[in-house]
Amino acid sequence: MTKSSHHLSVRSRVAKAAGGAARFASRALGRGSGGMIGGEVAMRISPKLLEELAAPYSSVIVTGTNGKSTTTRMVRAALESAGPVASNINGDNMTSGVLTALMQGTGATRAALEVDEMHVPAVAADVNPAVFVYLNLSRDQLDRVGEIGSVERRLRDGASAHSDAIVVANCDDPLIVSAAADNPNVVWVAAGAGWGGDSAAYPRGGRVVRSGEDWHLIPAFDGEALPELSVRPQPQWWLEDVELAPEGPRATLRGPDGVSVPLELKLPGRANLGNAAQAVAAAVAMGIDPAAAAAAVSSVTEVAGRYSVHDVNGRSARLMLAKNPAGWQEAMTMIDPRVDQVVIGVNGQVPDGQDLSWLWDVDFSAVKQPGRRVVACGERGADLAVRLEYAGVHCDLAPLPMDALAACEPGRVEMLLNYTAMRDFKVLLDRKEGTR
């Protein structure tokens, strides 16, 4: 009997078997990876299954508005240097997806779990993680999760309820500092905060004033008392000698006790250096050697199809995901300046958030470059095209990402898509590639 099933009650064993069957059926019928439906079925049969499954694991919970999937993939890579790891690798980050990941973790003693911000307290109550990784907070799908303050409160509750856990937290994001501050075991990482539009006010009182990479609080009104932690915490992990080369960013990661390890990523962008720094810090907190963790993190080439490159009729398309203002702003910095064709696709389905008014908060002028062709597409492509034109970015309009790609000339194409636009495009890609 496997480690993951010997401690299960009879009811939970039945639930695990039913969940596995549901997952298999979903995959066989082409309805998706089955990560969500398998967990949903299993939870209906045994509400205690997650708690029982998680008991033998030493787990890391990764959460935040942007970078969850990438950082979870990096943590998983680092932990795998010491043995098998259970992980929800397809972004199924709600309770049912976490449950499915643990059901599949045969032989693993560690787990790297991506968790949606709103589900952190509930998942942590059952998983009892050894480490939390808190990345960043910004507006995301207001019609689903509500205002940013309610999200910060969820993360604060998750960290404070597990005083024995280590919280690896981004000290450059004031909202994350507020969320982590009540836990006595915080490891601060200077991971960067490219988007500051949602953290002008501090959740515990005061107003955030930024100065370069530093920040501190001042009273928002006369006589307001500031919280005990009113300045950016001193980081225990930080990046030096940062180089943002088109072939991949590089830096030296410094840490406690004189640790100094190179990061040479195969994923683009400054934000991914920050993700890597927090992934290494989390792995070290789990007992992994820093050099081994950094090497493993640097080996990651794609994350659930993101950053993958596909040849479609002579067009070499690299896929990147962006879901909210902060993510879009960062994704545009990842576009290779040597590429002169860019496809941008936006849908407005429930998983994306149906309110796309945030498009007007994004500075799309960053995509503008002499000689570059931009094609807007997706269910909300017309809305996107209007926003691009107002930003001074002339664009063509196509119905769907595959149509937009076909409208490009053979050669390299950078594709920035939101959640369901990428999901649906990947289905078409998989069908094309499966027929070769």
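Modeller: A crossing is left-handed if the near helix is turned anticlockwise from the far one by less than a right angle, and right-handed if clockwise. This is a predicted model: local features need pLDDT of at least 70, side-chain atom pairs pLDDT 80 or more, while totals for chains, interfaces and linings use all residues. Residues are numbered from 1 along each chain as its sequence is written, and side-chain values use heavy atoms, without hydrogens and water.

Biologist: What is the handedness of the crossing of α10 and α11?

Modeller: Start with the geometry. The axes (lines fitted to C-alpha atoms over the stretch in contact, with angles from 0 to 180 degrees between N-to-C directions) of α10 and α11 (residues 290–298) come within 9 Å and cross at roughly 140°. That angle makes α10 oblique to α11 (under 35 degrees is roughly parallel, over 145 roughly antiparallel, 65 to 115 roughly perpendicular, the rest oblique). The crossing of α10 and α11 is right-handed.

Biologist: Which residues of α11 do Ala 276, Ala 279, Val 280, Ala 283 and Val 284 in α10 meet?

Modeller: Contact is taken as heavy atoms within 4.5 Å. On that basis, the five α10 residues meet Pro 290, Ala 293, Ala 294 and Val 297.

Biologist: At what angle do α4 and α10 pack?

Modeller: α4 spans residues 68–79, and its axis lies 9 Å from that of α10. Thr 70, Thr 71, Met 74, Val 75, Ala 78 and Leu 79 in α4 meet α10 residues, including Asn 272, Asn 275 and Ala 282. α4 passes α10 in a right-handed crossing. The two are therefore oblique, at an angle of about 40°.

Biologist: How many helices and strands are in the protein chain?

Modeller: Both are DSSP runs numbered from the N terminus: H or I over at least four residues for helices, E over at least two for strands. The protein chain has 436 residues, 54% of them buried (under 20% relative accessible area; exposed is over 50%, partly exposed in between; 1.4 Å probe, protein chains only). Of the contacts with a separation of 6 or more, 66% join residues 24 or more positions apart. The count is 15 helices and 17 strands.

Biologist: What covers the buried residues of α12?

Modeller: α12 runs over residues 325–333, and its buried residues are Pro 325, Ala 326, Gly 327, Trp 328, Ala 331 and Met 332. Beyond four places in sequence, Phe 364 is in contact with residues including Trp 328 and Met 332. The cover of α12 includes β13 (315–321), β14 (341–345) and β17 (411–417).

Biologist: How many of the residues of α5 are buried?

Modeller: The helix spans residues 95–103 and is mostly covered. Its buried residues include Thr 95, Val 98, Leu 99 and Met 103.

Biologist: Is Arg 156 buried or exposed?

Modeller: Arg 156 is found in α8 (residues 148–160). Apart from neighbours within four places in sequence, Arg 156 is in contact with Ser 178, Ala 179, Asp 182, Pro 203 and Arg 204. Its relative accessibility is 9%, so Arg 156 counts as buried.

Biologist: How many disulfides does the structure hold?

Modeller: A disulfide needs two cysteine sulfur atoms within 2.5 Å. The sulfur of Cys 377 has that of Cys 408 as its closest, and 9.2 Å is too far for a bond. Cys 377 is buried at 0% relative accessible area, and Cys 408 is buried at 2%. The disulfide count is zero.

Biologist: Asp 257 is not a glycine; what is its phi?

Modeller: Most residues other than glycine have a negative phi. Asp 257 sits in the loop between β10 (248–254) and β11 (260–264), and is exposed at 83% relative accessible area. Its phi is positive, about 60°.
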